[in-house]
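Hi,

Here is the structure I promised to pass on. Have a look at it first, then read my notes below.

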Number of protein chains: 2
Amino acid sequence: MSSDRPTRPDPTTIDDLPTPALVVEKSIFESNLAAMDAVRPGTELRPHVKAFKSTALAARLAADGHTGFCCATPREVEGLVAAGLGHDVLLANESLDLARLGVLVADDSVEANITAAVDSDSTVDAVISSGIRSVLIDVEVGLPRCGCDSTDAGRLADRARSAGLEVRGVMGYEGHLMMVEDRAERIERVGAAMEQLVAAAGDVGGDIVSAGGTGTFDTNTWCTEIQAGSYTLLDSDYAKLDLPFQVALNVLGTVISISPKGWIIADTGLKSMAMDHGNPSWDGGDVFFLSDEHATLLPPDFENWSVGDRVRLQPAHVDPTIAKHECMWVVDGDDIVDRWEVDLRHW
Amino acid sequence: MSSDRPTRPDPTTIDDLPTPALVVEKSIFESNLAAMDAVRPGTELRPHVKAFKSTALAARLAADGHTGFCCATPREVEGLVAAGLGHDVLLANESLDLARLGVLVADDSVEANITAAVDSDSTVDAVISSGIRSVLIDVEVGLPRCGCDSTDAGRLADRARSAGLEVRGVMGYEGHLMMVEDRAERIERVGAAMEQLVAAAGDVGGDIVSAGGTGTFDTNTWCTEIQAGSYTLLDSDYAKLDLPFQVALNVLGTVISISPKGWIIADTGLKSMAMDHGNPSWDGGDVFFLSDEHATLLPPDFENWSVGDRVRLQPAHVDPTIAKHECMWVVDGDDIVDRWEVDLRHW
C-alpha cells in the first residue's frame, strides 16, 4: 500500500508530522496505566484491545502483568497471537468465523490459548467445529445486544462440556451503565446487573466472571476480571465521569484556511475522527461542524490565528477514532518518542 | 499488514465473504454511471475520488471519458498518479503538504498534471514553493469552510500569475445546498451562490468554473464542470432526494445472536459504517442502535431469523463508510465479479 508513496524522513518532533495524525501524550498514558494498576493489578484486568487495536500498546500492558487480553474480532485475536501475545486471549464476542482461529490453536509453533464467548446453540456448535477448546458463556445483563438469558447459561455450559469444551465461566457486559454519571447510582445499577451474572456463574461453573469496562472498572466488584481498554487513552465522553484517567489521545491538525467571518479550518475532518458520540472537544474554542476532511472551528481570537498553525482536538469516542488511522505517534512534549502501528484493524 | 493472516481461498459468491464487508451491486452502479453521463458527459464531470477512494473505480470512470479527477487529500493525488490516472488531477482543497506532489510534477517518468486549490496568500505561496504549476482560486459561496471572499479572488490570481503559476479559473463548493429537498428552491439557492462564483471567475480569468456535487449535478448550470463522486454508489441520505441514482453500496453482515426479547444482532458495527449522518437503513425492520462491532436490529419477524443469516445495511454517508474498509466486493446477484481495493485511504 505504501510502495507508491515517496519516502519521507522519519518525523522527530510534532512539527514534522503530516496531518491529520493521532498523537498520544506519553506522560498521561503512563498515568492512566498506573491508576488502573492500583485498582486492577495483573490478571484482574483483561485489557480490551478493541479500544486501541495496536499490538505495540498491548505489549506495553503485558509488560505490566496484564497478560490476558480481550478481543472483539477474529482479526484482533490473530494479530495478538502473531505478536506473541496469545497466552490467554478471549474473543469476547460471538462469531461464526472461527475456523481461522482453530488453525492457530492447532499450530504448535505459536502460543494461542483462545477462549470464545458463546450465547446460543449455534455459537457453541461453531466453537466445537472450529477446534477452539475453551468458552465463556455470554450472559445478557441489561444491554440490548449479545448474551443469553441468565437462566439458559447452565444449559449452554452443559452442551459445551458434553462436546469436550472447557467452560471457564461467564461474561456479561453492562455497557448501558458505563456513562451513568452519579457514582452511587452507578454502583446500585451495576450491582443489579451483576446479580444476574453471578447467578448464572453458579449454574455454569468455572473460575471466571468477566465483565465491566472503563466506566465501571472500580465499581464492578462482583467480577473476577474487568474488560477495559479505553482507560489507556480515554476520550472526551469518558472524561465527563469521575474517573482517575485523563485524555491522552488527540487528533493533530493543521490550519489550512481562515475566514474573515470568524472561523478557521483545520484538516481534522470526520474521516480522521469518530462522530458517533458527537463532535470532538477543542480547548481553543467551539467546534462548529466537521465534514469529511475539514473541521470548522470558532476560536474567539480567530484574528490571531495563521494558516499553518497546529490544533489538537479531543475525539468523543476513542475506539472508532483509532480504527481510522494507520498509526499513533507517542510524544513527550514536542518530541516523538515512539510510533505504534494500529495493526489490528479490519476483520 | 496481511502477512500474519492465514491464507484463505478467494470468495466466489457472497456467501463466502467474511463480514462485515462492503458490497457493490454492479447493475445499480452501472445505472448510476449512465444517469450521470447523460447529463455530464466527458470532462463536464470531474469525479471526486474522496467519495470512493479507489483507483479501480476511478479507472472505470476514466474509461467513460471522465479523465479529469478531483481529490481532497495529497494521498489521493499520489495514488491516482501512481495508477496512471494523473492526466488532470485537481486537489480541490487547501494544503501546506504539497512538496510531495511537486516531486511528482517534476518526475518525467509519470504523468502528473496537478492543479491545487488556493484561497489565501499562504496557500498560494505553498503552491509556488512546492513545484506545482497550476491553481484554481477557491471561493467561498455560502458553506462555512474554505474559500476566499469572492471580491479577493482577482487579487489572489494576480499573486499566483506574477510568480509564474497558471491560473486555470475558480472553484466553489455549495455543499450547504446538496440536501435541499425541494428542487425549485435548490435551483434558486444554487443560482444565488453561483452568482458570486461567476463574478469571481470574471476577475480571475481562465477557463474553469468548477463546482457542485451529487446533489446539484443537474441543477448547477453555471459551472463548466461538476465535482461529484457519491453518485456512483450513493447512500441513504442522498437517496431521499429526487436524483436518478440508487444505493449501490451495502454493508453485508452476519447475524451472530438473537434475543427472545425481540432483537437480532449483526456484526455490522459502527467501525464498519459512518455514523455522522445517523443510523444506516435496513429493509428488514428498524435499526435500534450500533456499537463498535454490533448492530442491534428490530425485525418484526425476529422469530424467523437464525444465527448465520445475512443482512445488508445501507449506510447514511458513503464517503467515510468506504474509508473504513480495505476493499469493496462487486457483485452480480450472488456472484462476486470484482474486488476493488480502497487504496486511496489515509493522508
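Predicted model: local features only at pLDDT ≥ 70, side-chain atom pairs only at ≥ 80, totals over all residues.

The two copies meet through the same surface, because 100% of the interface residues of chain A are also interface residues in chain B. In this interface, 55 residues of chain A are in contact with 55 residues of chain B (contact means that the C-beta atoms, placed from the backbone, lie within 7 Å). The side of chain A that touches chain B divides into 21 nonpolar, 15 polar and 19 charged residues (Ala, Val, Leu, Ile, Met, Phe, Trp, Tyr, Cys and Pro count as nonpolar, Asp, Glu, Lys and Arg as charged, and the others, Gly among them, as polar).

Residues are numbered from 1 along each chain as its sequence is written, and chains are lettered from A and ligands numbered from 1 in the order in which they are written.

Now for the inside of one chain. Chain A is divided into domain 1 (14-21 + 245-341) and domain 2 (26-229), with bounds from an automatic or database domain assignment. Their centres, taken over C-alpha atoms, are 33 Å apart. Domain 1 of chain A and domain 2 of chain A each put 14 residues into their contact.

Cheers
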